[in-house]
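Here are my notes on the model, point by point. Have it open while you read.

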Amino acid sequence: MPRRADALIPLSWDHHATLMVVRTILRTLDGDARFGQPCPDRMREMVNHLWEEKLQGHFDDEESVFGTAARATRDDTLIDMAARLAQEHAAIAAAVLRLERASPDELAARLETVANLLDQHVRWEERTFFPALERSLPESTLQDLGIQLVGRRTKQGRGSTREGLAVRGELFPGS
Ligand SMILES: [Fe+2]
């Protein structure tokens with residue numbers, strides 16, 4: 001697991017949880033016996049649960065806090081990344097909606113589409129967007145953004161004590 005700025009740790013935790021779901025879907029569809037018989041209906045509900053409980057708020061957090069900060073830098077690369085962030089979030093939201101409305105025949109293909117979009121998007125954020133924020137934003141700005149992130153989540157009933165400790169640098173002191 002790469003060293004991540006404290007401010008971004010709650011989002012990275014969401015990413016790891018998301019990738020576990022993505023891997024489960026892709027391996028199940030691929031016929032990996034360790035994941036049991038494919039049951040597309042159950043996997044759709046798992047995606048709906050992930051979307052409602054985690055991803056919707058996560059996307060809002062990223063765009064409102066870190067997308068806004070990226071645009072405010074007036075750095076063209078970061079501004080382009082903020083635009084890509086919002087476009088990919090919209091594409092994933094649309095794919096989740098299409099999955100929800102899929103007929104039994106369409107279900108497996110739409111599950112695979114959502115899983116692949118999530119996989120590529122999360123990897124882009126972890127490998128490209130987050131490192132760009134870490135390189136470009138001053139440490140104090142990143143810290144403020146982390147506090148803002150946890151503040152939003154707490155206000156909306158999505159926060160956790162552990163996330164608060166993480167963004168304040170108290171969970172992994174000196175790391
Ligand atoms: Fe994300």
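1. Let me start with H3 and H4, whose crossing is left-handed (that is, the near helix is turned anticlockwise from the far one by less than a right angle; clockwise would be right-handed). Helices here are DSSP runs of H or I with at least four residues, and strands are E runs of at least two, numbered from the N terminus. Before going on, note that this is a predicted model: local features need pLDDT of at least 70, side-chain atom pairs count only at pLDDT 80 or more, and totals for chains, interfaces and linings use all residues. Residues are numbered from 1 along each chain as its sequence is written.

2. The H3 and H4 axes are 10 Å apart and the packing angle is about 160 degrees. For these values, axes are lines fitted to C-alpha atoms, for helices over the stretch in contact, and angles run from 0 to 180 degrees between N-to-C directions. H3 and H4 are therefore roughly antiparallel; the cut-offs are under 35 degrees for roughly parallel, over 145 for roughly antiparallel, 65 to 115 for roughly perpendicular, and oblique for the rest.

3. Who touches whom in that pair? On the H3 side the contact includes Leu78, Met81, Leu85, Ile92 and Leu99, and on the H4 side Leu111, Val114, Leu118, His121 and Phe129 are among the partners. Contact here means C-beta atoms, placed from the backbone, within 7 Å. By class, the H3 and H4 contact splits into 14 nonpolar, 4 polar and 3 charged residues, where Ala, Val, Leu, Ile, Met, Phe, Trp, Tyr, Cys and Pro count as nonpolar, Asp, Glu, Lys and Arg as charged, and the others, Gly among them, as polar.

4. H2 (residues 40–72) packs with H3 (residues 76–100) at about 165 degrees, their axes 10 Å apart, which means H2 is roughly antiparallel to H3. The H2 and H3 crossing is left-handed. Among the contact residues are Val47, Trp51, Phe59 and Ala70 from H2, with Ile79, Ala82, His89 and Val96 from H3. The class count for H2 with H3 is 12 nonpolar, 3 polar and 5 charged.

5. Have a look at H2 itself: the helix bends by about 50 degrees at Trp51, the bend being the angle between axes fitted to the seven residues ending there and the seven starting there. Trp51 is also one of the H2 residues in the contact with H3.

6. Arg74 deserves a glance. The residue sits in the loop between H2 and H3, and its phi is near 60 degrees, positive although Arg74 is not a glycine. Arg74 counts as exposed because it has 7 C-beta neighbours inside 10 Å. The scale runs on other C-beta atoms, placed from the backbone, within 10 Å of the residue's own: 20 or more is buried, 12 or fewer exposed, and in between partly exposed.

7. H1 (residues 9–29) and H4 (residues 107–136) are another pair: the axes come within 9 Å and cross at roughly 145 degrees, and the crossing is left-handed.

8. Gly31 is in the loop between H1 and H2 and counts as exposed, with 9 C-beta neighbours inside 10 Å. From Gly31 to Arg84 it is 53 residues in sequence and 33 Å in space, C-alpha to C-alpha.

9. Thr141 and Ala7 are 134 residues apart in sequence, yet their C-alpha atoms are 9.5 Å apart.

10. Finally, Leu171 lies in the segment after H6 (161–167). Leu171 is partly exposed, with 15 C-beta neighbours inside 10 Å. Setting aside neighbours within four places in sequence, Leu171 contacts Arg162, Leu165 and Ala166.

Methods:
Two residues are in contact if their C-beta atoms, placed from the backbone, lie within 7 Å.
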